[in-house]
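Here is a friendly walk through one protein model, with a look at its helices, its core and its charged pairs. Take a moment with the picture first, then read on.

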Amino acid sequence: MPSFRSKSRPLPLVFALVLALFLCLAIPAAASASQPSPQAGSEKPNLICHTSNPEECYPRVFEPTDEFQTVHDDQELPNGLHVRLNIWTGVKEAKINVPDEMNPALEGLPVDQAVVLVDQEQPETIQVPRGAPKYDAIGKVKEPAQGGEAQVEAIAFAETFKMLKGGVVPSDDEFDHGLEGLEELSHDIYYGLKITEDVDVVKALFCLMGTRDGRASRGATPRGQQAAAILAGALSNNPSALNEIAKVWTSVMESSCPRDGTLIRHHFYHPLASVGDSPGKVKAVVSAINGLIKDEGIRNHFLANDGMKQLLGVLFPDDEEWAGAQKKVGQLVLDTFLDEDMGARLGQWPRGQASSSAACLAAETSLDDGCWDYHVERMVKLNRGQWSKELRKRLAAARRTKSTMPDHGEL
């Protein structure tokens, strides 16, 4: 018996080894069979298809090349690419980034180590005749000093110019930051003149001012408001800048905006205080209009195209948040048409007599020229300020003067 037990012991051991080997081979096979295939729904597919046409599919992860390609809204962008955005069409493009590649915004500018080189012209020696009157430098625009912060401003100014002219921007953030910087520089006489000397930039600013979608990157001022502020800043106390816009006014008004093909004239004479326009945006636009109509030709065009209707519409809201924009309108009307002490040319406006309250409450006639009196009276009752009382008084006086003047048939 003992000898029997000793011989039988190896059998269970061999059996266990064979069983273990079998399990080791079976487990990986089972695990492999249980794992989902790459096409399983738990993983993202490599292509995005919005239609049944396979030719319209595109990679989920953008595949860059050396040339700019359109980036779809639902594509994933790898890091480190050169990305640009068209501000008019909203199309985003990207390509492989080349570190030493020239920034397109600086193309055409003489740059040396990130400093714009400005050619210094040598002043000519002018022989002044004896007894000639002394030279008057009033109106001469002096260039900013060179070097340091001035060079940084010059580069930033040039970059934003390129973005406005071409419509292609590196990113929303960079474009909005550039507009903010341009607004600050626009109050400088030199830069204000440079802005208005470039007709393509002027058109781009008018087109942006006419947008009503409030588009801007997070935390930035809406672009329509920013464009209006740039125009207002450039025209403020800058007769040379106003003269530049006056020279191209007709061609600018008859140009189309690339975003929607609408004439700039239709954008410019669109009623203010419409849905989507904030009080801040309207206030900036009124400031721009105030600067523009200081030119007689532009002012006549403004009156001929019912520009006073868009200003009157600003007086419609009762909300206190509109008080600032309404005050801007009141001051514009006083300084331009009614207050001779402020340089107004009397007799250009108002035209005709005041309308009845019923006519001013009717939608089809509420913006008539005769309804200014009714809405100014509302401003007085809303305690909008001294400007409303002054406007009421001078408007009534102008109406009385108009009523005593003979019409063309009596002349």
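Helix 7 is largely enclosed by the rest of the structure, because 12 of its 13 residues are buried. Buried here means under 20% relative accessible area, exposed means over 50%, and partly exposed is in between (1.4 Å probe, protein chains only). Helices are DSSP runs (H or I, at least four residues), numbered from the N terminus. This is a predicted model, in which local features need pLDDT of at least 70, side-chain atom pairs count only at pLDDT 80 or more, and totals for chains, interfaces and linings use all residues. Residues are numbered from 1 along each chain as its sequence is written, and side-chain values use heavy atoms, with hydrogens and water left out.

What covers the buried residues of helix 7? The cover includes helix 4 (172-186), helix 5 (189-197), helix 6 (199-209), helix 8 (239-247) and helix 11 (279-292). Among the buried residues are Arg223, Gln226, Ile230 and Leu235. The length of helix 7 (residues 223-235) agrees with expectation, because at 1.5 Å a residue its 13 residues should span 18 Å and its end C-alpha atoms are 18 Å apart. The expected span is 1.5 Å times one less than the number of residues. Just after helix 7, Asn237 takes a positive phi of about 50°.

Now for the core. A nonpolar core is a set of buried Ala, Val, Leu, Ile, Met, Phe, Trp, Tyr and Cys residues joined through side-chain atoms within 4.5 Å. The largest one has 71 residues, and Phe206, Phe268, Leu311 and Trp372 have the most contacts inside it. Helix 6 gives the largest share of this core, 8 residues. Contact means heavy atoms within 4.5 Å. Leaving aside neighbours within four places in sequence, Trp372 is in contact with residues including Met308, Leu311, Trp349 and Arg399.

Next come the charged pairs. A salt bridge is a side-chain nitrogen of Lys or Arg within 4 Å of a carboxyl oxygen of Asp or Glu, and by this rule the count comes to 16. The table shows some of them.

| Pair | N to O distance |
|---|---|
| Arg223 and Asp176 | 2.7 Å |
| Asp318 and Arg378 | 2.3 Å |
| Glu377 and Arg392 | 3.3 Å |

Arg223 lies in helix 7 and Asp176 in helix 4, so this pair ties together parts that are 47 residues apart in sequence. Both Arg223 and Asp176 are buried. Asp318, by contrast, is partly exposed at 46% relative accessible area, while Arg378 is buried at 17%.

Note on methods: Helices (H or I, at least four residues) and strands (E, at least two) are DSSP runs, numbered from the N terminus.
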